[in-house]
Amino acid sequence: MAALRHLAAGPTCHHHHHGVAAATASLRLHRLPLPFRPLRSRSGSFTRVYAISSNDIRVGTNVEVDGAPWKVLEFLHVKPGKGAAFVRTKLRNYVTGNTVEKTFRAGSTLQEPSLSKETKQFTYKDGSQFVFMDLTTFEESRLNEADVGDKQKWLKEGMDCNLLYWNGKIIDFDLPITVRLTVTDTDPGASDSAQGGTKPATLETGAVVTVPSFVNVGDDILVDSRTGQYMNRA
């Protein structure tokens, strides 16, 4: 377990926003999406805040430690009988993929990495690289097979994905939660009226999922990309 750490907050900068939308945004109590968390200052301008309290750590929170972006996989708030309270975390490094455990003092300030998320369309595979295109600028972004990992079994040409950028570098990407794929191989199905029964089915991307017995070759089905579970026929 790493020693207790107290990380200083990053610099803040001031930026003026105008209009009803900005005023409304300042009244929202929930945390706004990355990369910015606008807060209304006394002067009436917005302050872009890059710091969060360790007390706000949740699964999925992004933090910057030792100059690198990390994602919180697990956390536990601990209040011992003696001594200061602390937060025990399990973090994954977006860049290297390494997982470490770190402990932060309760109420300490953590820096939030400046991340941006952009929607790109997966257009084709070029050798071992997956090519994503910005449909506005037609600029291409590429990910290696190792970076895509297990997600490639749900990745179909023409699919819109969210690419996560840090310092101009792609560090992660998210598939749509629901993906529509065609069954290419499975045992002949029973009639739609048949109750119960499941079987394995191979999809156009090579993924194998468990489907109801009535699903046939050529059917389009919806699958949850997070769990690999069949949802229903499309």
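How many bridges join strand 6 to strand 7, and in which sense do the two strands run? Four bridges join them, and they run antiparallel. The model is a predicted one, in which local features need pLDDT of at least 70 and side-chain atom pairs count only at pLDDT 80 or more, while totals for chains, interfaces and linings use all residues. Residues are numbered from 1 along each chain as its sequence is written, and side-chain values use heavy atoms, with hydrogens and water left out.

**Stop 1**

Select strand 6 (62–65) and strand 7 (68–78), with the loop between them. Strands, like helices, are DSSP runs numbered from the N terminus (strands E, at least two residues; helices H or I, at least four). Two strands pair if DSSP finds at least two bridges between them.

Colour strand 6 by accessibility. N62 and E64 on one side, and V63 and V65 on the other, are all buried, which leaves both faces of the strand covered. Buried denotes under 20% relative accessible area, exposed over 50%, and partly exposed the range in between (1.4 Å probe, protein chains only). In a regular strand the side chains alternate between the two faces of the sheet.

D66 has a positive phi of about 55° although it is not a glycine. Most residues other than glycine have a negative phi. With 60% relative accessibility, D66 counts as exposed.

**Stop 2: S108**

Move to S108, in the loop between strand 9 (99–105) and strand 10 (109–111). Is S108 buried or exposed? S108 is buried, at a relative accessible area of 1%. Display N55 as well: its C-alpha atom is separated from that of S108 by 7.8 Å, although the two residues are 53 apart along the chain.

**Stop 3: the sheet 13-12-11-14-15**

Show the open sheet of five strands with the order 13-12-11-14-15 and antiparallel pairing. Strand 13 (140–144) and strand 15 (169–174) stand at its edges; each has a single partner strand, so one side of each is left without a neighbour in the sheet. Neighbouring strands here are turned by 45° against each other on average, direction ignored. Axes for such angles are lines fitted to C-alpha atoms (for helices over the stretch in contact), and angles run from 0 to 180 degrees between N-to-C directions.

Within this sheet, select strand 11 (residues 115–126) and strand 12 (residues 129–133), which are joined by five bridges and run antiparallel. F122 has F132 in strand 12 as its bridge partner.

Continue to F138, in the loop between strand 12 and strand 13. Its phi is near 65°, a positive value in a residue other than glycine. F138 is exposed, with a relative accessible area of 55%.

**Stop 4: the largest pocket**

Display the largest pocket, with a volume of about 440 Å³. On a 1 Å grid over the protein atoms alone, a pocket is an open set of points with protein on both sides within 12 Å along at least five of seven lines, whereas a cavity is a set where a 1.4 Å probe fits but cannot get out; lining residues have an atom within 4 Å of a point. Grid points are joined across faces, edges and corners, and the volume is the space filled by probe spheres set on the points.

Of the 22 lining residues, R92, Y94, D147, I171 and D172 are the closest to the centre of this pocket. Strand 15 gives the most to the lining, with six residues. Domain 1 (51–111) and domain 2 (115–174) both contribute to the lining, so the pocket lies between them. Domain bounds come from an automatic or database domain assignment.

The lining divides into eight nonpolar, five polar and nine charged residues. Ala, Val, Leu, Ile, Met, Phe, Trp, Tyr, Cys and Pro count as nonpolar, Asp, Glu, Lys and Arg as charged, and the others, Gly among them, as polar.

**Stop 5: the second largest pocket**

The second largest pocket has a volume of about 240 Å³. Residues to select in its lining include W154, D174, P176 and R226. Domain 2 and domain 3 (178–233) each supply at least three residues to this lining.

**Stop 6: the sheet 18-17-16-19-20**

Finish at the open five-stranded sheet of order 18-17-16-19-20, again with antiparallel pairing. At its edges, strand 18 (208–212) and strand 20 (229–233) each have a single partner strand. The twist averages 55° from one strand to the next. Select V223, which stands opposite Y230 in strand 20.
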